[in-house]
Amino acid sequence: MERFLLKNIDSPDSAGIGEYLRTGGYASLKKAFGMEPADIIAEVKAAGLRGRGGAGFPTGMKWDFASRDPKFPKYLICNADEGEPGTFKDRPILEKNPHLLIEGMVISAYALKSERGYIYLRGEYPHARAVLDKAIAEAYEAGFLGGDVAGSGFRFDLSVHQGAGAYICGEETALIDSIEGRRGQPRIKPPFPVNVGAWGKPTVVNNVETLANIPLIVSMGAGRYSEIGNPECPGPKLFSVSCCVERPGVYELPMGIPLREIIYEHAGGVRGGRELKAVIPGGISTPVLTPDVLDCPMDFVNLPKRGSMLGSGAVMVFDDTVCLVRVCWRAMRFFEHESCGKCTPCREGTGWMRNILERMEGGFGRDGDIELLQDIARSIMGKTFCPLGDGAAGVVLGFLRNFSDEFMYHITNKKCLAESG
Amino acid sequence: MDIMDEIRDLSRKYPDRRGALLPALYVVQKEAGWLSQEALDTVSRALNLPQATVKGVATFYAMYKHRPMGRHLIQLCTNVACMIMGAERLVDLISGRYGLEPGGTTDDGRFSLVIMECIGACDRAPAMLVDTDFHADLTADNIFEILEKYE
Amino acid sequence: MIELTINGRKLQARKGMTILDVARENNIYIPHLCWDRRLKPYGGCRLCLVEVEGQRKLMASCSSPAENGMVVHTDTPALRKARKTVLELLLVHHPLDCPICDKAGECSLQDLAYKYGPSQSRFYGERKHDPEATSPLIDRNPNRCILCGRCVRVCWEHQGVGAINLIGRGFKTKVSPAFEETLDCEFCGQCIDACPVGALGAKPYKYRARAWFLESRDSICPYCAVGCTLTLDVREGRILRVRGVDGKGVNRGDLCGKGRFGFDFIYGDSRLTSPLIRTDGELKEVSWEEALHYVAGRLKAIKEEHGPDAIGAIGSPRTTLEDNYMLARFMREAVGTDNLDTSARLGYAWVLKGVEETYGIRLNPVRLDSPVGKDAVLVIESDITSTHPIFGLKFLEAKLNGSRLLVVEPRKTKLARHASAWLRIRPGTSTAFLNGLVRYALAGGVHLKKEITTEGLEELQESVKDYTPQRVSEMTGIAEDDFTEAAREFITAESRLLAMTVSAAENQKGIETVRAAANLLMLLGEGPEALQIPADYSNTYGAWLMGVRPLGKGRDLYGMLYSPGAVRALYVMGEDPLVTMPDADRIEEALKGLDLLIVQDIRMSETAKLADVILPAASWAEKEGTFMNAEGLPQPVPKVVAATGDSIADWMILRNLARLMGHDLGSMDLETLQDEISGLPPETGTQRWRFAPSDWRLKEGPDAEYPVVLVTGNIMQHSGALSVMSKSLSHVLSDAFVQISPEDAAKFGVEDGGFIRIVSRRDSVFIKARVSDEIPEGMLFVPVHFAHARVNALTFASPDGTAHLTAVRLEPKA
């Protein structure tokens, strides 16, 4: 497939504005200024673009809500807090194609009548920070940011706001709290950020990849764009593939491509030709799947039918040498570490699940531990403040649904089913 | 530029100066590698926020440090992908060579080691940051080659 | 109107209500731990989950808006299970030290665990082992904390303090001051009432009683004029603690540190237990009979020899309506004089005079919730969150709800810190500032847009013509741009409020400030309700209404206390002029020159030490009566504990004394007294607006010899001279000090904590210095509460009611 989002990233100067302009960059921006803001929103709606951060919410609809709110100013925030373990898809855009993101943000801001944007970049990406700062400076210099963008009279200011190590800030309301200088704890919804967001004003939070799709939609038009991938949720999608494959990396592929194709054609198959045991399709907080779902199309509509989610499109492949109890324990250690502490079930529950998994993994599992784990997970599921708790519970339930034998084996035999685990 | 001015300058990027709290914490952390009481007090005064507010925010985020760090900060990822690709063995190796446990600092003050939650480099796992330098595809063979460059 | 169904009951709700709000309003029980009416919904504890038909997930009722047609269930097996799990998880590490926890018996976690059971958790966890943290009045036991965050949110969101916060993240989160240091806050103790478990407690109450042995009585706070309802918890005749109960009283459950901890003044060491008569220079205990015969005899003799007008009385803003009413009758009828006044003369009287001169009305009670919902709220040189803490909270609430809070204030007060715009004004110059606003409004043509029928417009225009923004800037020290920006904001606001205090304890505002404020508001078409100046103390307003002031040609306070020799006998009830009033030397001279000084008080005050006769009065909580708050609301104050020693209620002493003077006042008991009071003609007046030009000048501005100005006032933890009797409040602060700016400290060689001599034109004092950036250069601030410092020897009284800011110089102690 032709690459749109990662076009040209193999060029050594891909991050520079010169190279970007040379390959047709900022042309969509100029085209957009010839359109009415409402028409751009209509185009994004028609294109069927769904948010690439994980939830898959229709981007055009989000924009519509925000633009209908009479309050000003409005804020546009790029969510570059790519913290979901297994996910590194936005990194190539941030580090190698930053002007695509900036162009996408300026067009989006123009459509939303927003004059102020922030890129909320995770603290763990210092290199991306340097690249973005430079790119933003270049864009100001070239007149694509600032008081009079490309001579259109439209004003848009943009800066990077760097996170500092908090997974929860990937949740949009926690992210807003973090930009406002608070502990990044999720807010109560409603009201939604599109009406009451940063500093109480209408705020659109979009993922890096989502915003990078905007210039594409403007240049191609919704019609041609929606021909890419699955018609129900069209467009190119970045998949980050990791763990036990021959060629881990980020692949730009059409939405809806079967999981099998991603693993075996693009990522080179399971490493060393070993047997595939399990796949997490969308980052650590999406439930694990067994190899019998390999033909499932990777998109927002088909994966839920198979008991998981597309999430961030982070495919984690586990072969038969991997101990899934250990994976589950490590994932839970992550959730415990990242639980913000606001709500009881998540704050206390993640710790307890980790505790039980730890004793199982260490060979001290007890009879009834599986049932206890399930009970806690079900008590958390659907009862926490934000999706982090659901994610944690879903991971445990997913592993126990598909791989309870391996957990049982651990309890009974006090060792791994997978030898090298 | 004086730190207070630098923080006030940062606050101009936000409609409310409190927005500059996270960036300001980075600014003061850069000075000594960690957030001392005085450093937090500086931020508190520059942004007109109670000290408890500043401390509460600073302790929410894992990358702000609340005790002195070594000259070089090793932030090694051991999350699932890095774990599968051998990160835990690297922790043991580092511990063996420098006597450095996760969360600790070497006696000579050269290194501090912090376990990081997913560094976003799962395709090149295991990976780490040393200060702000990114290193990936770590192995038992290359880890010390890299670390030994940091005095 | 929204209609929804909860547990099968069809209910109505208003827009903006949550499901929990609707349930509470209809007495439907939903458990919760992190919810607090005063705070934004938090949604953390997850106990208030409910089932809503058609919703996949359980919903947190505290934060889910009630919607039309909703069908809600609050008690189902799924909910019981969910709640039980939450409690089980909390009990993993919550210590089961209920037998030694003061909260036992009134602990929400205990009650909920009892309701939802089981007593044992399936999870075995490490208990937390953090040390208990203690501070002067508030104990923290972090191990019991369930991280509901109410204390933290009340402290920051509601009180605007931010002394504590959630420190850390996730399971390891802990509530603490920034560096786990000893709390050094306002000590309002709101966190204690907010805590659903025993993680925060009132130190003076620790290990004093099990909750179920306490008997609770509601009363009214004896300190400021807000008139908060206090819930007194009593065991075996002794008040052990005070709580605020959500929704109760004008304060709706909020309390400040004085109200919460200051009740123990009634157990102060200086309480009087017996009448005393000075014989041969020594005060000797005597019986009531002897004391009253002595007083009656002396008063009769003086009256006979010098006429009734040789006798005067000072009433009290702290005793009840009944006490003050009886004093007024005693003086007018039994003695036969109009020489009668209270400390309101030094402050609040000028407010009422100013209001009468401008709006034409006699009284202007405040409304405690008046700031909320106003577009612009202007606070003039007043530390309202210290003097009237619960009224002060309303200014923070207004700001939180979107009001622009404009604070004109030299000190970095709490309101200044929270202001939308803080204009750091030179002390004592706010009249110039207000006149500047008047001129600015006139220059902008405000008076042309509306028809102004108020009399005196031309004189007003003439009087402010020199107050150009540039001149105002020179006078006040506020940058011209800041001034015009604030002026524009206030003048163009859709709705507005101007608030300040004018109190006996302060010296930087006076009647001219009131006039200027009223002029401005009238010019903008605002009635007297836009001018919010609260009375000082628990019954300042009431004492005024009871006629404890000259109604005819009698001598006022200036004529009695600052005119040595003017009267021969003085009856001082519940007041300590030597401490609470300016120019102590002058007062002392007047008191010492009297033939007879009678002091009727609850304790041995500084003034009492000079008395010929001392009559011990029962204090607040030891007698029944009524306080009238700054809203003009009379509120009953019950007798809760037995009177100290032989003390009796002030009104009874006066009634008995009148009889001995041969004049039966007729009011035999409290009931007939209260009937008489409620039958008093209302003090009214019709509005008749008239501009009252107001000029700004300082009587005693800084000059070469006295280059610094001294501002006096009340501080957060104290109130006049009463609170220093409280051991609890004295734990926080018991020593006098003067606040000085770092600039002046450097200039005059003053060290933080070092002693300095302050010299005014009248006297000098030694006092400890506190260097603080809350104070601007060229100003000192000194609290008035501490008798031993005698700071009021430096100041002077101002019989024309204008500001009496005092110029001083500093001499570091060699």
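## The model and how to read it

Residues are numbered from 1 along each chain as its sequence is written, while chains are lettered from A and ligands numbered from 1 in the order in which they are written. Since the model is predicted, local features need pLDDT of at least 70, side-chain atom pairs count only at pLDDT 80 or more, and totals for chains, interfaces and linings use all residues.

The model has an ipTM of 0.96 and a pTM of 0.94. Chain C has an average pLDDT of 95, with 99% of its residues scoring at least 70; pLDDT is the predictor's confidence in each residue, from 0 to 100.

## Where chain A meets chain B

How many residues does each chain bring to the contact between A and B? Chain A gives 42 residues and chain B gives 34 residues. Two residues are in contact if their C-beta atoms, placed from the backbone, lie within 7 Å. On the side of chain A that touches chain B, at least two residues each come from helix H7 (126–141), strand E3 (157–162), helix H8 (172–179), strand E5 (236–243) and helix H12 of chain A. Helices (H or I, at least four residues) and strands (E, at least two) are DSSP runs, numbered from the N terminus.

H12(A) provides the largest share of this side, six residues. Sorted by class, the side holds 18 nonpolar, 16 polar and eight charged residues. Here Ala, Val, Leu, Ile, Met, Phe, Trp, Tyr, Cys and Pro count as nonpolar, Asp, Glu, Lys and Arg as charged, and the others, Gly among them, as polar.

## Where chain A meets chain C

The contact between A and C takes 22 residues from chain A and 24 residues from chain C. Helices H12 (324–338), H13 (344–361) and H14 (369–380) of chain A each supply at least two residues of the side of chain A that touches chain C. Which helix gives the largest share of that side? It is H13(A), with seven residues. By class, this side of chain A has eight nonpolar, eight polar and six charged residues.

## A four-stranded sheet in chain A

Chain A has an open sheet of four strands in the order E3-E2-E1-E4, with parallel pairing. Two strands pair if DSSP finds at least two bridges between them. E3 and E4 of chain A are the edge strands, each pairing on one side only, and the twist from one strand to the next averages 20°.

E2(A) and E3(A) run parallel and are joined by six bridges. One example to look for is Arg116(A), whose bridge partner in E3(A) is Asp157(A).

H8(A) lies across E1, E2, E3 and E4 of chain A, at about 110° to E1(A). For such angles, axes are lines fitted to C-alpha atoms, for helices over the stretch in contact, and angles run from 0 to 180 degrees between N-to-C directions.

Why is H8(A) described as largely enclosed by the rest of the structure? Because eight of its eight residues are buried. A residue is buried if 20 or more other C-beta atoms lie within 10 Å of its own, exposed if 12 or fewer, and partly exposed in between, with C-beta atoms placed from the backbone. Among the buried residues of H8(A) are Glu172(A), Leu175(A) and Ile179(A). Their cover includes strands E1 (75–80), E2 (116–121), E3 and E4 (203–207) of chain A, together with helix H2 (21–32) of chain B. After H8(A) comes Gly181(A), which has a positive phi near 85°.

## A look at chain B

Chain B contains seven helices and four strands. Of its 151 residues, 51% count as buried. The C-alpha trace of chain B spans about 50 × 35 × 25 Å along its principal axes.

## One residue in chain C

Ala745(C) sits in helix H26 (residues 742–748) of chain C. Is Ala745(C) buried or exposed? Ala745(C) is buried, because 22 other C-beta atoms lie within 10 Å. Leaving aside neighbours within four places in sequence, Ala745(C) is in contact with Ile740(C), Val750(C) and Val771(C).
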